Amino acid sequence: MTMTKHDPIHRREGALYVEGVSASSLAETHNTPLYVYSLAALTGAWNAWMAGASQRTNSCQVKVHVAVKANSNLGVLSIFARLGAGFDIVSGGELRRVLAAGGRACDVVFSGVGKSHSEMKEALAAGVKCFNVESVPELSRLNDAAKEMGMKAPIALRVNPDVDAHTHAYNTTGKKGNKFGIDYSDARAAYSAAAGMENLEIIGVDCHIGSGITDTAPFLAAVDRVLDLVEVLERDGIPIAHIDLGGGLGIDYGDGDAPPPTPEFVKTILDHVDRRGPRNVWFEPGRSLTAAAGVLLTKVEYLKPGPRDGKNFCIVDAAMNDLARPAVYGAFHRIEAVHDRGGKGEVYDVVGPVCESGDWLGRARQLDVEVGDLVAVRDTGAYSFVMSSNYNTRPRAAEVIIDGETVHVVRKRETVEQLLAMESVLP
Ligand code: LLP
């Protein structure tokens, strides 16, 4: 992957910049570990989705809902709200975030396999536009919740189309045997059950086959399965106003496995739908909107040579509690020195201070760094801060958004005092 000077995250004279601000000045002012997001990169990713959608030649709706779970920072969500995005949520907490960020409930779809009764009532009261329901027991629970409130709940059933997304096993959700969605062969019966429930209103069909997918073929297979079902349902007298194709588009993490450019991907999907007739299409992307816009800045604490012929360790001040993806999925993130020293350096495993051998951010990376230098872990705008924890009583990192030369602190660094204040000793 090459960086050009037009990239919001780029190099100037050997130093890393996020828009108009140098990474080193950010670390100096806000300390490390620090999550940095580029407003221009977030906006650019949104515009890429819109560029794909705008190539559609019929007047059917294409609605993009940001998957809040990928990056739920209020500052980030407020950017998408201003851009006119919808939102895909999976908890009552995410609903509150969307509303606090200026999003509208009428643009929210509520996904997730285990919605509680109280979450359902909260979402009904707010007026979300669709519940993506994942089982027949959930249909009954939602029907009850809506009845208690004297409402009709708008629903789509999430069907499991049984296609292999060819991604990490933990990120495969549309294959038979995954906990997600209603088995394809049971979908027609589930829709007929839903049609018989007084406080539900069927509006769509939903699917989501996985995350981090770089190949378009599994999406096209899922579209076919969904449209086959829609046609059956309409013959059964159940009109379907939209199909929701979920999220799942991967990004180029620089590990040799890259998806098509977003506009091309979106156009390919929409063309495939349109070949079978015009339909309103909804999406729920997360990673492809936020991942590349984020950088995790961290400082080198120690350089620890390994045993002779063994590996060297570059111990940084970010750890698996800050960025869990490498430890959890073996995920690859590019790691680069913030200041190019111009030498070849050494090969290091880049690891954090947490007391586990699984605490690594990158393996066998060529880096020319000294103690005190900064390194940047790239593409950490999705599933990064949101998956962080306080393991080893490590306060979570701060988050900033860069807009040109302006730095907005959108989450303060936690303090140990705040962590301890949640707990108490026995009397
Ligand atoms: N819709 C639903 C129902 C989902 O479950 C997800 C992601 C999305 C949309 C957004 O998918 P995306 O466009 O971001 O692929 N923590 C993992 C990823 C988990 C994805 C969970 N569901 C990782 O770090 O790779």
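**Reading the cavity and the ligand site**

Reader: Which element gives the largest share of the lining of the largest cavity?
Author: That's α8, with 3 residues. Helices are DSSP runs (H or I, at least four residues), numbered from the N terminus. Bear in mind that this is a predicted model, where local features need pLDDT of at least 70, side-chain atom pairs need 80 or more, and totals for chains, interfaces and linings use all residues. Residues are numbered from 1 along each chain, and side-chain values use heavy atoms, without hydrogens or water.

Reader: What volume does the largest cavity have?
Author: A cavity is a set of points on a 1 Å grid over the protein atoms alone where a 1.4 Å probe fits but cannot get out; lining residues have an atom within 4 Å of a point. The volume is the space filled by probe spheres set on the points, which are joined across faces, edges and corners. Here it's about 90 Å³. The lining has 14 residues, with Phe 219 and Phe 265 among those nearest the centre.

Reader: Which residues are closest to the ligand?
Author: "Near" means a heavy atom within 4 Å. The ligand has 19 residues around it, and the closest are Ser 211, Glu 284, Arg 325, Tyr 329 and Tyr 383.

Reader: Where are the polar contacts?
Author: Look for pairs of N or O atoms within 3.5 Å. The side chain of Tyr 329 has an N or O atom 2.6 Å from a ligand nitrogen, while a backbone N or O atom of Gly 248 is 2.8 Å from a ligand oxygen.

Note on methods: On a 1 Å grid over the protein atoms alone, a cavity is a set of points where a 1.4 Å probe fits but cannot get out, and a pocket is an open set with protein on both sides within 12 Å along at least five of seven lines; lining residues have an atom within 4 Å of a point. Helices (H or I, at least four residues) and strands (E, at least two) are DSSP runs, numbered from the N terminus. A polar contact is a pair of N or O atoms within 3.5 Å; within protein, one must be able to donate a hydrogen and the other to accept it, and residues adjacent in sequence count only if both atoms are side-chain atoms.
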